[in-house]
Amino acid sequence: SASNEHGTVAATAMLAVQVPPTVSSPPTAQTTVEPDMTIFKCVASGQPTPTISWKRTLTGSRTDEQLTSGGKFTIQADNSLVITETLYEDTGMYICVASNNLAEMRMADSSAQLAVNVHPNITASPQDVTVVSPE
């Protein structure tokens, strides 16, 4: 405010502090068995509130694949990634990406490894064998 012999005037201003996103609770590594459900959780903070997206890099690949809800993948309201029927082919690194209008945060600790084990399977039936004993 300011004042003099002629009066007083006041003004108000709002200060908005913007903060780049950070992943405060990263996803954790998991080992599962085919075809179980897998859930990755990720919590991020920042101002404005960051949005969460998910990517994955499959074992043996060097490129990220953007994941969206549909088919076997669901991104829930709490930003968790759900894989409804996890298969061996889903083995790889799952990456939580937090972004707002200031920055996109992709840190090493915002990713988690998924290992998928497979139940044993007999692929060839055993054959009967007859053995003649020497006399």
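This note sets out, in numbered points, the strand pairing, the disulfide, the core and selected residues of a predicted model.

1. Basis of the note. The model is predicted, so local features need pLDDT of at least 70 and side-chain atom pairs count only at pLDDT 80 or more, while totals for chains, interfaces and linings use all residues. Residues are numbered from 1 along each chain as its sequence is written, and side-chain values use heavy atoms, with hydrogens and water left out.

2. Strands β7 and β11. Strands are DSSP runs (E, at least two residues) numbered from the N terminus, and two of them pair if DSSP finds at least two bridges between them. Strand β7 covers residues 51-58 and strand β11 residues 92-99; eight bridges join them in the antiparallel sense. Within this pairing, R56 has Y94 of β11 as its bridge partner, and S53 stands opposite V97 in β11. In general, strands of a sheet pair through backbone hydrogen bonds, either parallel or antiparallel.

3. The hairpin of β7 and β8 has six residues between the strands, and G60 takes a positive phi near 90° in it.

4. Burial of β11. A residue is called buried under 20% relative accessible area, exposed over 50% and partly exposed in between (1.4 Å probe, protein chains only). By this rule β11 is mostly covered, with seven of its eight residues buried.

5. The disulfide. A disulfide is taken as a pair of cysteine sulfur atoms within 2.5 Å, and a search of the whole structure finds one. It is formed by C42 and C96, whose sulfur atoms are 1.9 Å apart. C42 lies in the loop between β5 (38-40) and β6 (43-47) and C96 in strand β11, so the pair ties together parts that are 54 residues apart in sequence. The torsion about the S-S bond is about -70°, and the disulfide of C42 and C96 is therefore left-handed. Both cysteines, C42 and C96, are buried.

6. The nonpolar core. A nonpolar core is a set of buried Ala, Val, Leu, Ile, Met, Phe, Trp, Tyr and Cys residues joined through side-chain atoms within 4.5 Å. The largest such core has 15 residues, and those with the most contacts inside it are F40, W54, L81 and Y94. The elements giving two or more residues to this core are β7, β10, β11 and β13 (111-117).

7. The three-stranded sheet. An open sheet of three strands runs in the order β5-β10-β9, with antiparallel pairing. Its edge strands are β5 and β9 (73-75), each of which pairs on one side only. Neighbouring strands of this sheet are turned by 15° against each other on average, direction ignored; the axes are lines fitted to C-alpha atoms, and angles run from 0 to 180 degrees between N-to-C directions.

8. T57 and its surroundings. T57 belongs to strand β7 and counts as buried because its relative accessibility is 15%. A polar contact of 2.5 Å joins its side chain to that of D64. Such a contact is a pair of N or O atoms within 3.5 Å; within protein, one must be able to donate a hydrogen and the other to accept it, and residues adjacent in sequence count only if both atoms are side-chain atoms. Leaving aside residues up to four places away in sequence, T57 touches R62, T63, D64, G92, M93 and I95, where contact means heavy atoms within 4.5 Å.

9. Backbone points to check. Most residues other than glycine have a negative phi, and most peptide bonds are trans. A cis peptide bond joins E34 and P35, with omega of about 0°; P35 is in the loop between β4 (30-33) and β5. The bond from Q47 to P48 is also cis, with omega near 0°, and P48 lies in the loop between β6 and β7. N79, although not a glycine, has a positive phi of about 75°. N79 is placed in the loop between β9 and β10.

Terms used:
Helix = DSSP H or I, 4+ residues; strand = E, 2+ residues; numbered from the N terminus.
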